[in-house]
Amino acid sequence: MVENSAGVGAAYDAVAGLYAELFGDVLDRLPVERGVLAAFAELVRVRGAGPVADVGCGPGHVTAHLGGLGVDAFGVDVSSAMVELARQKHPGTRFDVGSMAALDLGDGVLGGVLASYSIIHMRPEQVPGVFGEFHRVLASGGHLLLGFFASDDPEPQEFDHKVALAYRWSPNSLMDLLRQAGFVEVARVLRSPHDGERFQQGHLLVRKP
Ligand SMILES: C[S@@+](CC[C@H](N)C(=O)[O-])C[C@H]1O[C@@H](n2cnc3c(N)ncnc32)[C@H](O)[C@@H]1O
C-alpha cells in the first residue's frame, strides 16, 4: 500500500483497466448517487458560475454522467493511465493529469467541484489543504460534492482498500473541516451499504458563500 500522490497515481495506473471494467457502469446500479448528482448538477447549472472539475475522476464515468446532465464538466486525475482510459472512453470530454492538492486552475474559475471517493486517499493531515484548494478554485456560489466511505468515529479510520492507503471519515468531522475552509452545508446523504459493500456511503454537498 502507498500513500503519497505519485504512489497513489502509480497504484491506480496498475489497475486502471480493471477499475473501468468493474465500475464504469456502476451508476446504473446506484439510484441514490444518481439523485445526489442530479441535485448537484441542477445547483451548478442554475448558478451558472462556471464549469465543474471532477477531481480524482478515474475512468471518467461520473464526469461523463455530469455532462449528460447538461453540466460543462472535465476530469482531473493523478493517474495518467486513468486519464488515458477516460479520454478513450469519453472522447468529447476533457481530462487532465493533475493532483487535487495543487490544481492547475485560477482562483474562482469553477462553478463546481466533484470529489467522488478520491479524498479517501489523502492522509488526514492533507485534507484541510485540499479543501482550501477546492475553495480557492470555486467561484462564490459554487458547489462542492464529496463522496466518501463513512464512519461513526470522529477520527479518520484507515482501512484495507485494495489499491492504496485510504481512510473512512465521519460526516461531522469532514463537515467541520469544510466549515473551517469556508464552506456552508447544503445537504448530506448517508446510504446504507448494498450487498457486497462494507461501509455506509457518505455524500456531502456544500457551497462557497
Ligand atoms: C476510488 S477512485 C474513484 C474514481 C471515481 N471518482 C469514482 O467515483 O469511481 C480514486 C481516484 O482518485 C485518484 N486520486 C487519488 N489521489 C489523487 C490526487 N491527489 N489527485 C487527483 N486524483 C487522485 C486516483 O488516481 C483514482 O483514480
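Which are the buried residues of H3?

1. In this predicted model, the buried residues of H3 are His61, Val62, Thr63, Ala64, His65 and Leu66. Helix H3 spans residues 61-68 and is mostly covered, since six of its eight residues are buried. The elements that cover these buried residues include helix H1, helix H2 (31-47) and the strands E1 (52-55), E2 (73-77) and E4 (110-116). Just after H3, Gly70 takes a positive phi of about 85°.

2. The strands form an open sheet of seven, in the order E3-E2-E1-E4-E5-E9-E8, and their pairing is mixed. Strand E3 (95-97) and strand E8 (184-191) stand at the edges with a single partner strand each, so one side of each has no neighbour in the sheet. From one strand to the next, the twist averages 15°.

3. Within that sheet, E4 and strand E5 (residues 138-149) pair in the parallel sense, and the pairing runs over six bridges. A residue to look for here is Ala115, which stands opposite Leu146 in E5.

4. Two helices can be followed across the strands. Helix H3 lies across E1, E2 and E4, and runs at about 170° to E2. Helix H2 lies across E1, E4, E5, E8 and strand E9 (201-207), and its direction is at about 170° to E5.

5. Helix H1 (residues 5-23) also meets helix H4 (residues 80-89), and the axes of the two come within 7 Å and cross at roughly 30°. On the H1 side the contact involves Tyr12, Asp13, Ala16, Gly17 and Ala20, while H4 brings Ser80, Ala81, Met82 and Leu85. By class, this contact of H1 with H4 has six nonpolar, two polar and one charged residues. As background for reading such a list, an α-helix has 3.6 residues a turn, so residues three or four places apart point the same way.

6. The ligand is surrounded by 22 residues, of which the closest are Tyr12, Gly56, Gly58, Ser116 and Ser118. The elements giving two or more residues to this shell are H1 and E2, and the largest share, five residues, comes from H1. By class, the shell divides into twelve nonpolar, nine polar and one charged residues.

7. Finally, an unreviewed UniProt entry lists residues 52-142 as "domain: Methyltransferase". In the model, the end C-alpha atoms of this span lie 9 Å apart, and the span is 32% helix and 26% strand.

Note on methods
Residues are numbered from 1 along each chain as its sequence is written. This is a predicted model: local features need pLDDT of at least 70, side-chain atom pairs count only at pLDDT 80 or more; totals for chains, interfaces and linings use all residues. Axes are lines fitted to C-alpha atoms, for helices over the stretch in contact, and angles run from 0 to 180 degrees between N-to-C directions. Helices (H or I, at least four residues) and strands (E, at least two) are DSSP runs, numbered from the N terminus. Two residues are in contact if their C-beta atoms, placed from the backbone, lie within 7 Å. Ala, Val, Leu, Ile, Met, Phe, Trp, Tyr, Cys and Pro count as nonpolar, Asp, Glu, Lys and Arg as charged, and the others, Gly among them, as polar. A residue is buried if 20 or more other C-beta atoms lie within 10 Å of its own, exposed if 12 or fewer, and partly exposed in between; C-beta atoms are placed from the backbone. UniProt positions are given in the numbering used here, feature names are shortened, and annotations may be inferred rather than shown by experiment. A residue is near a molecule or strand if its C-beta atom, placed from the backbone, lies within 6 Å of it. Two strands pair if DSSP finds at least two bridges between them.
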